[in-house]
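Try each task yourself before you look at the solution below it.

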Amino acid sequence: MAQVSITQPAQRADSFFLPDLCNAQSLLVLIILAEMLALVVTSLQRGLWPMDWQYFSLVSLFCLLVFLSSAAVLCMVRGALSHLPLLLAASVCYALVLCVVALYSLSGQWLLSTTGSDPGFYPERLLQHLFIGAVVTGIGLRYLYLNWQLRLREHSEMQARIQALQSRIQPHFLFNSLNTIASLIDDSPREAELAVEDLAALFRANLQDSRVFSQWSAERDLCERYLRIESMRLGERLQVQWYDASIKSETPLLSLSLQPLLENAILHGIQRLPDGGCIVVRASIDGEQCCIAVENPLPDRSAAERALVDASGNHLACDNLRHRLHSVYGDRGQLRLSEKDQRFRVEMRFPLVPEA
């Protein structure tokens, strides 16, 4: 099967403690922080009431220029800094911000002196600006570092959980498959050999890293191997219809993302029906998103029986897949469950290109 290992976007985004400060959300936070700092400085220098609006405006302009210019400088050098050792990169960030503070402090004093508003040069004012800048920058970098560590820890915990869930091989499927293969060895050795090959392919995919992507054609081939094994056990009770003409064979998706949904459909739907039923798989491209849906019939059961089935694992595979989608695609990876007219439907949506 054609598969390629792709590093998750979350890892790329968390590979450096300094985030992208030039996006809209970061700029809004910086503007709010600049105004809060200007308000604090004004209240300490001139008192909070009555407010000296002229002084506040000057301090606010100075803070905004320093914050936004520092963000622009750090954005420009972020790529180069990400290749440096952590301590050196943080020191360079610290020095760059202080240089910006000194530049605007000296420029402001020069501008005031040329206009006659405040002639002269005051070294103590420059030192004051540098001191405030050093304190604020130190707190900011420390916060970014701790937030980065928290993101890495959460990402690590999520990956550990995903790997643990993904590597679980359903005992009932393993035992059923082995029993089926054993019954075929004497009468149909060729079919038994093919079943062993299909089972080996499923085990290999199960033990792969959760960050492995595969193409739609490879994922369908894996699912058809699984369905061949189950059809040896269920016979004509298991019917599958594929509607995937609109999706390209090279469309990328998470490896082993469809097979668990088919396993759920068989375990909690087809094999519980005396006459079996038909599983419908629909795969299509909707704009820049891929949509894959699996539908299966459900047996009549009470609310208590339905809760017992869900507790036995019907939603466990779905929760596992939902975590994997969110880990790779963020909020754009979605898994929707619905039940209507005795049919259970799982719809998986994700972008064709993972988040950068």
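**Exercise 1.** In a left-handed or a right-handed crossing, how does α3 pass α4?

*Solution.* Step 1: the model is predicted, with local features needing pLDDT of at least 70 and side-chain atom pairs pLDDT 80 or more, while totals for chains, interfaces and linings use all residues. Residues are numbered from 1 along each chain as its sequence is written, and side-chain values use heavy atoms, leaving out hydrogens and water.

Step 1: find the helices, which are DSSP runs of H or I with at least four residues, numbered from the N terminus, as are strands (E, at least two). Helix α3 covers residues 53–81 and helix α4 residues 86–115.

Step 2: take the angle between axes (lines fitted to C-alpha atoms over the stretch in contact, with angles from 0 to 180 degrees between N-to-C directions). For α3 and α4 the angle is about 145°, and the axes are 9 Å apart.

Step 3: judge the hand: left-handed if the near helix is turned anticlockwise from the far one by less than a right angle, right-handed if clockwise. The crossing of α3 and α4 is right-handed.

**Exercise 2.** Sort the residues in the contact of α3 with α4 by class.

*Solution.* Step 1: contact means heavy atoms within 4.5 Å. Among the contact residues are F62, L65 and V66 of α3, and A89, V92 and C93 of α4.

Step 1: count Ala, Val, Leu, Ile, Met, Phe, Trp, Tyr, Cys and Pro as nonpolar, Asp, Glu, Lys and Arg as charged, and the others, Gly among them, as polar. The contact of α3 with α4 has 15 nonpolar, 3 polar and no charged residues.

**Exercise 3.** Describe how α8 and α9 lie against each other.

*Solution.* Step 1: the axes of α8 (residues 216–234) and α9 (residues 259–268) come within 10 Å and cross at roughly 20°. That makes α8 roughly parallel to α9, since angles under 35 degrees count as roughly parallel, over 145 as roughly antiparallel, 65 to 115 as roughly perpendicular and the rest as oblique.

Step 1: this crossing of α8 and α9 is right-handed, and its contact residues divide into 6 nonpolar, 1 polar and 4 charged.

**Exercise 4.** Which residues have the most contacts inside the largest nonpolar core?

*Solution.* Step 1: a nonpolar core is a set of buried Ala, Val, Leu, Ile, Met, Phe, Trp, Tyr and Cys residues joined through side-chain atoms within 4.5 Å. Buried means under 20% relative accessible area, exposed over 50%, partly exposed in between (1.4 Å probe, protein chains only).

Step 1: the largest core has 43 residues, and L258, L262, I279 and I292 have the most contacts inside it. Helix α8 gives the most to this core, with 7 residues.
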